[in-house]
Structure formats: C-alpha cells, structure tokens
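Thanks for coming. I will go through one structure today and keep to what can be computed from its coordinates.

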Amino acid sequence: MNRFDSVTAVVWFLVGLGIILWSSLTLELGTLKHPGSGFLPLLCGATMAFLAIIVFFQAKRMDKEVKRENFWTRGSLIPIFSIISLLLIYAFFLDYLGFKLTTFIVMLLILTQVAGIPWFMGIVESLIITGACYLTFDYLMRIQLPKGWLGF
Amino acid sequence: MEYFTGLLLGFKVVFQPMNFLMAFTGCLIGTLVGVLPGLGPVAAMSLLLPVSFHLAPVSAIILLAGIYYGALYGGSTTSILVNIPGEAASVVTCLDGYQMAKQGRAGPALAVAAIGSFIAGTIAIVGMMFLSPLLSKAALSFGPPEYTSLMVLGFTVLTFLAKTSMPKALIMAAFGVFLSTIGLDIVSGERRFTLSIQALMDGVGLVPVVMGLFGISEVLLNLEQIGNRPEILSSIGKKILHIFPTREDWRKFIPACLRGTIIGFFLGILPGGGAILASFVAYAIEKKVSKHPEKFGTGEIEGVASPESANNSAAQAAFIPLLTLGIPANAVMAVFFGALMIHGITPGAMLIQQNPDIFWGLIASMYIGNVMLLVLNLPLVGLWVKVLLIPYKVLFPLIILFCLIGVYTINNSTVDIYIMIIFGVIGYSMKKTEYEGAPLILALVLGNMFETALRQSLMMSDGRFSIFFSKPISCAFMSTAIFVLLLPLILRRRLAVGVDEGGG
C-alpha cells in the first residue's frame, strides 16, 4: 500500500461519481435489453467509485504500516513545473510560430533552465537538435511540420 | 505444407530490401531503447508510429515488431553490466547477471542472455507459426458473448498480475474503458464527453495517452532524481575478456533455457500476461527445480538463462492472441493493435486469410530479427555500454522533443499535445501513488470493441447476463475471470487460516 492511497481513493471516487452524473445527465442510458450510449460509461463510473471505496478502507486498515514520505521534495518541484510549463508553451505557440522557432526556443529553455547547460552551449545544442529534427522529419521523412505565421 | 508455403511467402516478403532494412532498423532502435532506462518499447513504438504511416503496412509492422523484441534483448545488457534493468522484463536478470559480471563473468552472462533469447525466440516463433492458424480457425466461431468474456478475462488477469493492489489496477482498467467511450457513440452516433472539442469527436488517441503515461511521466520522475542519479561508469563493461560460456555453463544453460522458453510461451499467450510476468515466473520455477536454490542471487547462470529465455519467448507468443483473436495481451500489443488499425488492417481471425503477407512476413522477420539481434548484441556490447554513459540531461530534452513531434504529427493537432501533457501529469502522479498504466492502455484499446460486444450480447439475450454462461467457450472464459477475481480473497483467507493454525 502507498501512503497516498486514502487520498487517491477519494480522488478516484469523485472521478467515478462525476462520470456517473455526467453520463446519466447528458446521455441516454437505455435498458439492459437495449443499452444506450451512456450505459458503459455509467458502468465504468460505478465500478471506479465502488473500487475506490475498497482502496480507501484498505488504506485505512494498513495506515500504520506504510512509510511516511512526501509526494514532492522542494528541489523536485521546480524542474517538474518548468517542464510542464514549457510543454504547454510549446503546444500553444507551435501553430503560430512554427516548428523551427518554437522548438529552438523551448529546447533552449529546457537545456539552460532545467538541464543547467551554459547559455552558449545551450544555443548551439538547440540549433543542432532543431536542425537535425527538421531535416529528419520534414525533409527526409516528409512529415509535415507547422510553418507558423512567419512562414518558416 | 500450408505452413511451409506460408513461411516461404514470409521470407520473400522480409527479404525485400525495404522490409529487410526495417527489420534491422527496428532491432537497432529496440536494442537502443532497451539499453536506455526511461524509454520503454511502448513509448518507442508510439514514437515511431507517425513515421510508419509513410511505410507499407508490412514494413511498418516489421519495424515495430523489431523494436519490441530488440528492446527485450537490449534490456538484459544493462541489467548484467550495471545492475540497471533497461526494461521491466529484465529486472530479474539483474539478480544473477550482475553478480556474474562482478565475478568477472560478464561475457558468459551476456552470451547466455543473447543465445538464450535467440533459442527461445526461435522456438516461440515455431510455436506461433503452428498455433496461430489453428486458433484463428477456432476464433471464427466466436460471437459477441465470447469476445466480451475473453476481454473481461484479459482485464482481470492483467489486474491480478499488477505489481500493486488489484482494486487499484481495476480502477485503471475501468478508467481506460471510460476514456475509450469519449467521442461518437458507434451505435447511435451521439457525442459523448467531447466538451465540444472537435478533435475529441474521434475519441482520445492511443498515442498521446501512451506517450504521456510512459514517456513524459518517466521524464518527470527521472528529473526528480537528476542530482541523485548515479553516474554509470561501467568498469565491468570494459573488462569483458571472454564471451563464450564454459562447458559447465552450457550444461546448466540448456535445460534452464528450454524451461524458460516453455514457461514464457504459455504465459505470453495468456491474455494479460507477457514478458514481465514470464521472466519472474521462470526465475521462481528455476530456483524451485534447482539443486542449489540458495546459490540463486549469487551469480548462477540458470538465473540469467531462464528469465531471459522466458521473456523473449513470451514476447513472441504475445502476438498469437493479437493476430488470431484480435485481442492484445498487454500494453505493447495494444500499441501494435493501434498500428495495425491505422494501416487499415483488422487483426483477428481473418488476418491470415486476408493479409497472409503481413502474418507470414512478420513471422519470417522474427526469424531474421533474432539472428540480427544476436549479431548486434554480442560483438557490440561495448558500444551499448557507452550509450549508457550519455548524461540524462542530454537525453531527456531529446525524449521530450521526440514525444512532441511524434504526437503532433499523427493528426497535425496541438490538442494531442495537450492530451499528452495531461496524461504525463496523470502518469507521474500514478507512478508516485503506485497505480499502473498498463491496464489503462489495454482497456483504452479494447474499450470500443468491448462496448460493441457487450451491447450486442445484451441485445441478443434480451438483457440477460446469463448469455455469458450459456455458451461453453464464453462460460469457460467468464468462470476463469471470476476465479481470478476471487483468487486474492481465497489466498488471503488461506494465509489467515495458516497463520492462525501456526499460532494456535
């Protein structure tokens, strides 16, 4: 068992409950003879909620036996949030700025800010990575990569 | 004769220059992925899915298959040399393999792993060749109830084998089925849970979910330990003086290899089974039949031969339920299922008749692939060890970028990137809280098929669930599933009775 089991059980219970409500309010459940589009999602939600209750009580029973450790350490938070933010930035700007520019900027930020590589090396490596990927995927494999507003 | 003609066709297919090149590329990438911890075959195969769109279906399948069994070969190298399993299926190999390496016997350990994998892989292919056509003929008589029961069995076995608790794995499976319902309902055409996002009309894609759960989450997890990550300096790798096992090693190796092969083959066919389970079971059995079980973990050659043979045998055997019944046995096969569907090929009972080039080409490519891997793994051991020396801070930006490109190019849609990020965060939290991704992936892939089969079965029976028990095959599957579901309770009760008796 994991020390977070009681918390995750509550989360999954709520997710299950949410699915039950969502499917029963927005979809046709049908009957057992003619199951509707909401039938299986409702079944999934109910199963998840039921199992989450089991996990919760198992967690409560084993509570004293599990190791106490933190979900995050202070040092681990920064790189994780940085990466997630940079990925979101990449997704947001990819269509506007195009593959080459977005990839270069995001790679540069990942290499210098998360991996801790010096700026000059970061610029060189980002250029190489972006160029190599563009050549491989766009030029050699003919996979279409977005050009963006700037047209390159 | 039918098998011989089929195999001949397969070799014709695989010896076409493009297919041969793809088999080699797959084995090479697979070995690389296997050597590098943090990027498994599931993520690697998903990553290359968009690339495979531009290939002929048979070339694409040969490429992806090569990655899969190549990764299993490569995983053992790092287990033996540096005690870091590149693959989950190679975890057990660390126990005796690393000890052998510490005793200066890294060469024989690597040789035994490679030769064992080769022999097991080859025997499993022969088994697959004979068993698949028989099974696919049997599968023609399967109707919706049989398919529903078989899928229920697959889910329960996979969750039973989960490393953590069974209810947690079942939650994942239920969540996976729910995710598969997002998009248009197949029967009524009604929109379900799309949040008015156009890109979700076709449902949640397999690749973004896999990349998030297995690729991005792994990077996030490794980033936490970037400072604590041990710099891998394999002095052991440099000291490989002799490769070939001694006569005594051979004497111990052959029976262990054959046992591992047989165990792996049958566990590989099992829905929910696969290479990881096979390697653990093979090691446990090998220890049980050994005259010196106490020596296991100290560098016994059987402790390397048996799990390595088992995981490769299982890897090949796992193709059987996919190609004959259209049911993927594990997460890797689920990605395969997705790849076949993208190429317009429906895996299942009719595959051998409708696409003999794919079926026999794949089988022949495995024969060739096994030889290629033997060549790639033994003489190039030094090179693979050097790959391990690449610092993670250089590696992870590349993994992230490949994930981004791989996901975007499937539909040229940034929505898929957002989905990948969401599942990256979910996967990271799941790993921290010990929830497994494999049941979710399998359920996501099978979800649509499961829903159709379940609804059809209920319509056929006027809403009676007894239909799953009134047909013999379906009844057998369903009864086994219920037994597997109840097994933890039975085992716990037995254990409690045993403790009481012992105490009293």
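I start with a helix. Helix α7 of chain B is mostly covered, with 16 of its 17 residues buried. From first C-alpha to last, α7(B) reaches 24 Å, close to the 24 Å expected at 1.5 Å a residue. Before going further, please keep in mind that this is a predicted model.

B:Phe160 lies in this helix, which covers residues 144-160 of chain B. Is B:Phe160 buried, exposed or partly exposed? Burial needs 20 or more other C-beta atoms within 10 Å. B:Phe160 has 17 of them, so it is partly exposed. Leaving out residues up to four places away in sequence, B:Phe160 touches B:Met166, B:Val484 and B:Leu487. On the subject of sequence distance, B:Phe160 and B:Ala481 are 321 residues apart along the chain, and their C-alpha atoms are separated by 9.9 Å.

Now chain B as a whole. Its secondary structure comes to 23 helices and two strands. The radius of gyration of chain B is 22 Å, close to the 23 Å that the globule rule gives for 504 residues, so chain B is as compact as a globular protein of that length. The C-alpha trace of chain B spans about 70 × 65 × 55 Å along its principal axes. Of the 504 residues, 59% count as buried. For contacts in chain B between residues at least 6 apart in sequence, 79% join residues at least 24 apart.

Helix α15 runs over residues 331-342, and B:Ala331 lies in it. At 1.5 Å a residue, the 12 residues of α15(B) should span 16 Å, and the end C-alpha atoms are 17 Å apart, which agrees. Is α15(B) enclosed or open? 10 of its 12 residues are buried, so α15(B) is largely enclosed by the rest of the structure. Among those buried residues are B:Met333, B:Phe336, B:Phe337 and B:Leu340. What do they pack against? The buried residues of α15(B) pack against α3, α4 (57-82), α9, α14 (319-325) and α21 of chain B.

B:Ala331 itself counts as buried, because it has 26 C-beta neighbours inside 10 Å. Its contacts, leaving aside neighbours within four places in sequence, are B:Val42, B:Ala438, B:Ile441 and B:Leu442. B:Ala331 and B:Ala315 are 16 residues apart in sequence, and their C-alpha atoms are 12 Å apart in space. Just after α15(B), B:Gly344 takes a positive phi of about 75°.

That brings me to backbone angles. Most residues other than glycine have a negative phi. B:Phe193 is not a glycine, and its phi is positive, near 55°. B:Phe193 sits in the loop between β2 (191-192) and α9 of chain B. With 19 other C-beta atoms within 10 Å, B:Phe193 is partly exposed. B:Leu195 also lies in the loop between β2 and α9. B:Leu195 has a positive phi of about 55° although it is not a glycine. B:Leu195 counts as exposed, because it has 7 C-beta neighbours inside 10 Å.

Now the core. The largest nonpolar core has 213 residues, and A:Met48, B:Ile61, B:Leu64, B:Ile67, B:Val210, B:Val335 and B:Ile441 touch the most other members. Helix α6 of chain B, residues 106-139, gives the most to this core, with 17 residues. From chain A, the core draws at least three residues from each of domain 1 and domain 2. In soluble globular proteins, nonpolar side chains tend to be buried together.

As for the division of chain A, domain 1 covers 5-65 and domain 2 covers 74-140. The centres of these two domains, taken over C-alpha atoms, are separated by 39 Å.

Last, the interface. How many residues of chain B are in contact with chain A? There are 49, and they meet 50 residues of chain A. Several helices of chain B, including α3 (41-52), α8 (166-181) and α21 (438-460), each supply at least two residues of the side that touches chain A. By type, the residues on that side of chain B divide into 29 nonpolar, nine polar and 11 charged.

That is the end of my part.

How values were computed: Residues are numbered from 1 along each chain as its sequence is written. Chains are lettered from A and ligands numbered from 1 in the order in which they are written. This is a predicted model: local features need pLDDT of at least 70, side-chain atom pairs count only at pLDDT 80 or more; totals for chains, interfaces and linings use all residues. A nonpolar core is a set of buried Ala, Val, Leu, Ile, Met, Phe, Trp, Tyr and Cys residues joined through C-beta atoms within 7 Å. Helices (H or I, at least four residues) and strands (E, at least two) are DSSP runs, numbered from the N terminus. Domain bounds come from an automatic or database domain assignment. Two residues are in contact if their C-beta atoms, placed from the backbone, lie within 7 Å. Ala, Val, Leu, Ile, Met, Phe, Trp, Tyr, Cys and Pro count as nonpolar, Asp, Glu, Lys and Arg as charged, and the others, Gly among them, as polar. The radius of gyration is taken over C-alpha atoms; the globule rule is 2.2 Å times the number of residues to the power 0.38. The expected span of a helix is 1.5 Å times one less than its number of residues.
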